[in-house]
There are 2 protein chains.
Amino acid sequence: MKLAIVGPGLIGKSVALAAQRADAGVDIIEIDRGESLNDAADADLIVLAAPVAAILDILQNQSHALRTAVTVDTGSTKKQIVAAARAAGLERFVGGHPMAGGSTSGPAGARAQLFEGRPWFLVAHGALAEAVARVRQFVTMLGAHPVVLEDDGSEHDQVMAAVSHLPQVVATTLVIVAAQAAGQRLAWAGSGLRDTTRLAESSASMWEGVLATNAAELRPLLLELAGSLTELAGELDNPERIRELFAKANRYRALL
Amino acid sequence: MKLAIVGPGLIGKSVALAAQRADAGVDIIEIDRGESLNDAADADLIVLAAPVAAILDILQNQSHALRTAVTVDTGSTKKQIVAAARAAGLERFVGGHPMAGGSTSGPAGARAQLFEGRPWFLVAHGALAEAVARVRQFVTMLGAHPVVLEDDGSEHDQVMAAVSHLPQVVATTLVIVAAQAAGQRLAWAGSGLRDTTRLAESSASMWEGVLATNAAELRPLLLELAGSLTELAGELDNPERIRELFAKANRYRALL
């Protein structure tokens with residue numbers, strides 16, 4: 001098997017390690033983003049493991065190499081990426097999103113077990129059935145659970161706006177407000193602030209493309225949260241309202 | 001040593017266990033909140049380990065027993081509690097706040113190590129020096145690091161609004177918005193949402209008094225955060241702005 005991986009960061013390197021673990025004979029070509037995909041034209045499978053904006057760029061400009069080989073990406077949003085592939089006429093492209101990685105990035109954190117037991121969403125919409133089957137088999141080989149979605153990626157992006165992108169931007173914004181208010185006394189923080197803002201370690205290079213391509217889904221949730229916090233600011237000394245709010249949050253949290 | 005503990009929850013039970021570990025001969029009286037403190041009048045030390053509203057109630061209504069014994073509380077806000085003790089003429093009362101416990105509550109989670117190496121803030125303002133020295137020695141015996149504050153608790157409450165109360169109400173509000181938006185797909189959430197909303201497990205019974213007694217400090221921070229989120233909602237597709245925001249958050253997060 002010849003595997004081409006574009007973008008050797010945390011995800012790309014982990015794909016390489018997981019593939020080698022499953023098949024010691026796999027032939028892997030690593031391609032930096034920005035480089036030509038010509039060497040990947042005879043690959044059995046191409047994995048685009050780059051930030052969302054770079055994936056869009058590759059789909060729009062490197063469509064020749066992607067016409068022959070089955071291709072999957074790892075971007076955190078799917079609707080715009082799948083639409084770009086379809087617009088470029090790439091029927092062997094299957095949109096993909098492994099739920100793995102967290103706030104760390106870079107190849108140093110890569111490991112063969114990264115995808116073990118984790119969902120890997122696949123957007124089958126508009127792709128050849130044989131390409132979907134091949135990608136499904138491949139992510140299973142990496143240890144992931146393929147979750148094949150039948151729509152154009154809209155449901156995935158809506159749900160990710162709520163369960164991934166919203167917590168990310170909240171953690172990022174919260175750590176700034178909390179740290180500026182605490183000033184020299186930030187060291188008084190306990191594990192509560194640390195847990196709540198762990199995602200604030202995430203880097204913009206991964207997130208700028210995610211937020212830009214999912215702005216329409218994320219914006220109303222951000223405004224809803226801002227509205228809830230504003231309303232709460234006027235109810236802090238209303239114990240009945242606080243009890244209702246915490247009881248509701250306790251119930252939802254128990255579902256996680 | 002005779003130790004009276006009012007409120008046998010996570011903190012109260014852990015105080016009992018830590019005291020017994022340090023001194024096997026300690027004589028401990030556990031008093032439920034709402035019960036009379038008459039039995040505690042000859043104690044060497046009284047610990048008020050009840051929710052903030054209950055501590056305020058005890059200070060206002062049980063001042064007789066608290067006149068003779070050195071007393072410390074464990075409430076998460078300090079200014080109103082210390083002011084209530086001073087208004088009741090309790091010179092042996094020292095305001096206290098152990099930074100321990102997290103989102104769990106109830107005696108089942110109690111352990112002798114709970115305070116080990118954790119700060120225990122003490123508000124000395126208006127208390128007899130000998131009472132402060134006694135409480136300082138006591139919390140050290142429990143394994144905590146006493147941090148004696150010289151003001152009336154204002155700085156403590158300001159900093160806690162930023163590093164503890166703000167993350168709490170954000171986690172509580174966020175889990176509701178995220179779960180309602182994700183609906184039946186909440187199971188697609190990864191560790192990001194789980195970490196960011198861990199505090200949403202906290203119960204209202206502890207928090208309603210904290211929020212009510214620190215509303216003046218917390219309100220402007222909540223409004224500031226709501227303002228930042230609203231502004232961000234309009235900048236999601238502005239990569240330059242996202243890069244600035246994430247870079248700032250990365251720097252503050254590294255200080256934690």
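At what angle do the axes of helix H8 of chain A and helix H8 of chain B cross? The legends below start there; keep in mind that this is a predicted model.

**View 1. Helix H8 of chain A against helix H8 of chain B.** The two axes cross at roughly 165° and come within 8 Å, each helix covering residues 215–233 of its chain. Angles over 145 degrees count as roughly antiparallel, so H8(A) is roughly antiparallel to H8(B). As for handedness, H8(A) passes H8(B) in a left-handed crossing. On the chain A side the contact is made by Arg219(A), Leu222(A), Leu223(A), Leu225(A), Ala226(A), Leu229(A), Thr230(A), Leu232(A) and Ala233(A). Chain B answers with Arg219(B), Leu222(B), Leu223(B), Leu225(B), Ala226(B), Leu229(B), Thr230(B), Leu232(B) and Ala233(B). Sorted by type, the residues of this H8(A)–H8(B) contact come out as 14 nonpolar, two polar and two charged. A reminder for reading the helix faces: an α-helix has 3.6 residues a turn, so residues three or four places apart point the same way.

**View 2. How the two chains are related.** Turn chain B by 180°, shift it 0.0 Å along the axis, and it lies on chain A with an RMSD of 0.0 Å. The two copies are therefore related as by a two-fold rotation axis. Both copies also use the same surface, since 100% of the contact residues of chain B recur in chain A.

**View 3. Leu218(B), a buried residue of helix H8.** Leu218(B) sits in helix H8 of chain B. Is Leu218(B) buried or exposed? Its relative accessibility is 0%, so Leu218(B) counts as buried. Leaving aside residues up to four places away in sequence, Leu218(B) touches Ala161(B), His165(B), Leu166(B), Val169(B) and Leu211(B) from chain B, plus Leu236(A) from chain A.

**View 4. Helix H7 of chain A meets helix H9 of chain B.** Here is another meeting of helices from the two chains: the axes of H7(A) and H9(B), the latter spanning residues 239–255, come within 9 Å and cross at roughly 140°. H7(A) and H9(B) are therefore oblique to each other. This time the crossing of H7(A) past H9(B) is right-handed. Ala204(A), Trp207(A), Glu208(A) and Leu211(A) are the H7(A) residues involved, and they meet Pro239(B), Ile242(B), Arg243(B) and Phe246(B) of H9(B). That contact divides into six nonpolar, no polar and two charged residues.

**View 5. Helix H2 of chain A and what covers it.** In H2(A), which runs over residues 52–61, the buried residues are Val52(A), Ala54(A), Ile55(A), Leu56(A), Ile58(A) and Leu59(A). Their cover includes strands S1 (2–6), S3 (45–48), S4 (70–73) and S5 (93–98), together with helices H3 (79–87) and H7 (204–213), of chain A.

**View 6. A closer look at H2 and H7 within chain A.** The axes of H2(A) and H7(A) come within 7 Å and cross at roughly 70°, so H2(A) and H7(A) are roughly perpendicular to each other. Val52(A), Ala53(A) and Leu56(A) of H2(A) make the contact with Gly209(A), Val210(A) and Thr213(A) of H7(A). In this contact of H2(A) with H7(A) there are four nonpolar residues, two polar and no charged.

**View 7. Ser76(A) in its loop.** Ser76(A) is found between S4 and H3 of chain A, in the loop that joins them. With a relative accessible area of 11%, Ser76(A) is buried. What does Ser76(A) touch, not counting residues up to four places away in sequence? The list is Val52(A), His97(A), His156(A), Met160(A), His165(A), Met206(A) and Val210(A).

**View 8. Ala54(B) in helix H2 of chain B.** Ala54(B) lies in H2 of chain B, residues 52–61. Its relative accessible area of 14% makes Ala54(B) buried. The C-alpha atoms of Ala54(B) and Gly75(B) are 9.6 Å apart, although 21 residues separate them along the chain.

**View 9. Stepping back to chain A.** Chain A has nine helices and seven strands. Its C-alpha trace spans about 65 × 35 × 30 Å along the principal axes. Of its 256 residues, 54% count as buried.

Technical notes:
Residues are numbered from 1 along each chain as its sequence is written. Chains are lettered from A and ligands numbered from 1 in the order in which they are written. This is a predicted model: local features need pLDDT of at least 70, side-chain atom pairs count only at pLDDT 80 or more; totals for chains, interfaces and linings use all residues. Side-chain values use heavy atoms; hydrogens and water are left out. Axes are lines fitted to C-alpha atoms, for helices over the stretch in contact, and angles run from 0 to 180 degrees between N-to-C directions. Helices (H or I, at least four residues) and strands (E, at least two) are DSSP runs, numbered from the N terminus. Angles under 35 degrees count as roughly parallel, over 145 as roughly antiparallel, 65 to 115 as roughly perpendicular and the rest as oblique. A crossing is left-handed if the near helix is turned anticlockwise from the far one by less than a right angle, and right-handed if clockwise. Contact means heavy atoms within 4.5 Å. Ala, Val, Leu, Ile, Met, Phe, Trp, Tyr, Cys and Pro count as nonpolar, Asp, Glu, Lys and Arg as charged, and the others, Gly among them, as polar. Buried means under 20% relative accessible area, exposed over 50%, partly exposed in between (1.4 Å probe, protein chains only). Copies are superposed by least squares on the C-alpha atoms of residues with pLDDT of at least 70 in both.
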